[in-house]
Amino acid sequence: RRVHGYHALCVQELRSQLQKMENLVAMVPKLTFEDYMSGRYKELNQLAVELTNENNQRYTTEKQLRIDTEESLRPHLGHPNQADKLSEIDKGEIQRQKEMIDLLQEINTNNHEKFNNFSDETVRTLASMSESLLLRYDHMASVDDLIAKTVNVKFTTEELVRRKALGESLVPTAVTFQPRGRGSWQGLPLNDIKLELRSDGLNNGLSSNAVNTETAQVNTMKTTTAHEMSIEARDIAYKKFKDSLLKMSHSIIKSHYIWERDERKWNENWSTNLKQLKSIYSK
């Protein structure tokens with residue numbers, strides 16, 4: 001009887017220690033994902049700064065040609081004797097307009113590609129990290145490894161003394177061990193943060209036409225708190241990243257839209273400006 005009681009006590013203590021270990025290990029995923037995303041956010045900020053500087057420099061250089069053209073227009077160019085000179089300026093401006101449109105399209109495409117590549121790499125890494133944690137926790141000893149049975153515990157005198165000294169409960173309870181079974185964990189969506197290339201530039205960032213694919217589903221032999229926290233921490237990291245990337249990319253894409261709108265307005269007024277210039281001498 002004493003042997004049976006001692007055995008039951010050991011089983012309960014083992015279960016208690018395994019549960020404590022499981023709870024401690026369950027804190028690891030949150031720290032792991034936070035550490036990875038901390039570095040990733042720095043890289044995202046750096047990408048945004050580089051794109052902003054590069055885009056501004058290219059746009060400013062090309063826009064200066066427009067400013068030079070505008071400054072070259074003088075009232076005397078409307079005189080019939082200056083028709084060849086005005087025609088030359090017009091041809092140069094039409095070519096400049098084409099080059100500016102091509103540049104803005106290139107900038108827009110580059111913005112989308114850079115953010116989409118960054119997003120895809122981040123999401124796949126989050127999925128890979130969570131899969132690695134899930135499979136690793138499958139090999140961790142847990143209460144699920146104990147035989148499913150009810151253990152009736154009766155404390156020995158020594159155990160009662162020890163528990164009293166530690167302030168632990170002196171009343172034994174019957175504990176039933178029930179394995180939680182296998183786990184099946186859904187992957188992350190790959191296109192939920194994909195930026196859609198639109199000509200109007202008014203894109204919130206989400207692609208409405210892309211096929212909604214996901215990273216691979218992960219199946220595990222166990223379902224422990226550590227497994228659950230791995231997915232919870234992954235999903236929290238994913239959501240925060242999604243919000244940050246869409247906010248940052250939208251700001252840059254909006255700048256492109258403003259440039260495009262300004263250029264389109266200038267182009268629409270160009271022919272009108274030439275006609276007004278010629279009309280000075282036609283009256």
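Helices (H or I, at least four residues) and strands (E, at least two) are DSSP runs, numbered from the N terminus. On that basis the protein has 5 helices and 4 strands, arranged along the sequence in the pattern α-α-α-β-α-β-β-β-α. This is a predicted model, in which local features need pLDDT of at least 70 and side-chain atom pairs count only at pLDDT 80 or more, whereas totals for chains, interfaces and linings use all residues. Residues are numbered from 1 along each chain as its sequence is written, and side-chain values use heavy atoms, with hydrogens and water left out.

**Overall organisation**

- Of the 283 residues of the protein, 39% count as buried, that is, under 20% relative accessible area with a 1.4 Å probe and protein chains only, where exposed is over 50% and partly exposed lies in between.
- The accessible surface of the protein comes to about 17,300 Å², with 53% of it belonging to carbon and sulfur atoms; areas follow the Shrake-Rupley method with a 1.4 Å probe, and for residues only the protein chains shown count as cover.
- Among contacts (heavy atoms within 4.5 Å) with a separation of 6 or more, 87% are between residues 24 or more positions apart.

**Helix H5**

- Helix H5 covers residues 225–279, and its 55 residues should span 81 Å at 1.5 Å a residue, which agrees with the 81 Å between its end C-alpha atoms; the expected span is 1.5 Å times one less than the number of residues.
- A bend of about 35° occurs in H5 at tryptophan 270, the bend being the angle between axes fitted to the seven residues ending there and the seven starting there.

**Nonpolar cores**

- A nonpolar core is a set of buried Ala, Val, Leu, Ile, Met, Phe, Trp, Tyr and Cys residues joined through side-chain atoms within 4.5 Å.
- The largest such core has 31 residues, and Phe33, Phe115, Leu126, Ile193, Phe241 and Leu245 have the most contacts inside it.
- Helix H2 (28–72), H3 and H5 each supply at least two residues of this core, and the largest share, 9 residues, comes from H5.
- Apart from this core lies another, of 7 residues, among them Leu86, Ile89, Trp266 and Leu277.
- Beyond residues up to four places away in sequence, phenylalanine 33 touches Leu126, Met129, Ser130, Leu133, Ser230, Ala233, Arg234 and Ala237.

**Histidine 227**

- Histidine 227 is in helix H5 and counts as buried, at 0% relative accessibility.
- Its side chain makes a polar contact with the side chain of aspartate 138 at 3.0 Å; a polar contact is a pair of N or O atoms within 3.5 Å, where within protein one must be able to donate a hydrogen and the other to accept it, and residues adjacent in sequence count only if both atoms are side-chain atoms.
- Not counting residues up to four places away in sequence, histidine 227 touches Leu134, Tyr137, Asp138, Trp185, Thr220 and Lys222.

**Two buried loop residues**

- Serine 142, in the loop between helix H3 (83–138) and strand E1 (150–151), is buried with a relative accessible area of 1%.
- Threonine 215 lies in the loop between strand E3 (183–185) and strand E4 (218–220) and counts as buried at 12% relative accessibility.
- The side chain of threonine 215 reaches the backbone nitrogen of leucine 188 at 2.7 Å.
- Leaving aside neighbours within four places in sequence, threonine 215 is in contact with Ala127, Gly187, Leu188 and Leu190.
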